[in-house]
Amino acid sequence: MPPKKNSAPTKSQAQSTIAAKTDLTKAQVASVFDALEAVMTQSLRAHGTFTINGLIKVRVVVKKATKARTIMMFGEEKRVAAKPASKAVRATVLKRVQDVV
């Protein structure tokens, strides 16, 4: 299948581009991304937030539990089941990225 025009680069293409712009090999760039992933997961588990300065901020958000209830939907009374509390990951772009767009 031919690549789409104006599509985002694949993981391999991004690693090749970064390797070309820096004096690192593609394997070294891949190991940097693996290390970044490990540091990010550790930080999210321990502190609930991780920031790459000027680019992106990732944080863990706790969604509250909901009670079971009945609601009116399309003229009928529907029962909505209770949901337990859960955690979600939110990412926010920071100033340098927003200025590009």
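Predicted model: local features only at pLDDT ≥ 70, side-chain atom pairs only at ≥ 80, totals over all residues.
Entry 1: The crossing of H1 past H2 is right-handed.

I then listed the residues of this contact. On the H1 side I noted Ser12, Gln15, Ser16, Ile18 and Ala19, which meet Lys26, Val29, Ala30 and Phe33 of H2. Sorted by class, the contact has 5 nonpolar, 3 polar and 1 charged residues.

**Entry 2: the open sheet.** I traced 3 strands in the order E1-E2-E5, with antiparallel pairing. Strand E1 (49-52) and strand E5 (86-93) are at the edges; each has a single partner strand, so one side of each lacks a neighbour in the sheet. From one strand to the next, I recorded an average twist of 20 degrees.

I followed the pairing of E1 with strand E2 (residues 56-63), which is antiparallel over 4 bridges. Here phenylalanine 50 stands opposite valine 58 in E2. I also noted that H2 lies across E1 and E2 and runs at about 140 degrees to E1.

**Entry 3: the hairpin.** I turned to strand E3 (residues 69-73) and strand E4 (residues 76-80), which form an antiparallel pair over 5 bridges. Arginine 69 is opposite valine 80 in E4. Between the strands of this hairpin I found 2 residues, and phenylalanine 74 takes a positive phi near 55 degrees.

Conventions. Residues numbered from 1 in each chain as written. Heavy atoms only, no water. Pairing = 2+ DSSP bridges. Left-handed = near helix turned anticlockwise from the far one by under 90°. Contact = heavy atoms within 4.5 Å. Nonpolar A, V, L, I, M, F, W, Y, C, P; charged D, E, K, R; others polar. Axes fitted to C-alpha atoms, helices over the stretch in contact; angles between N-to-C directions.
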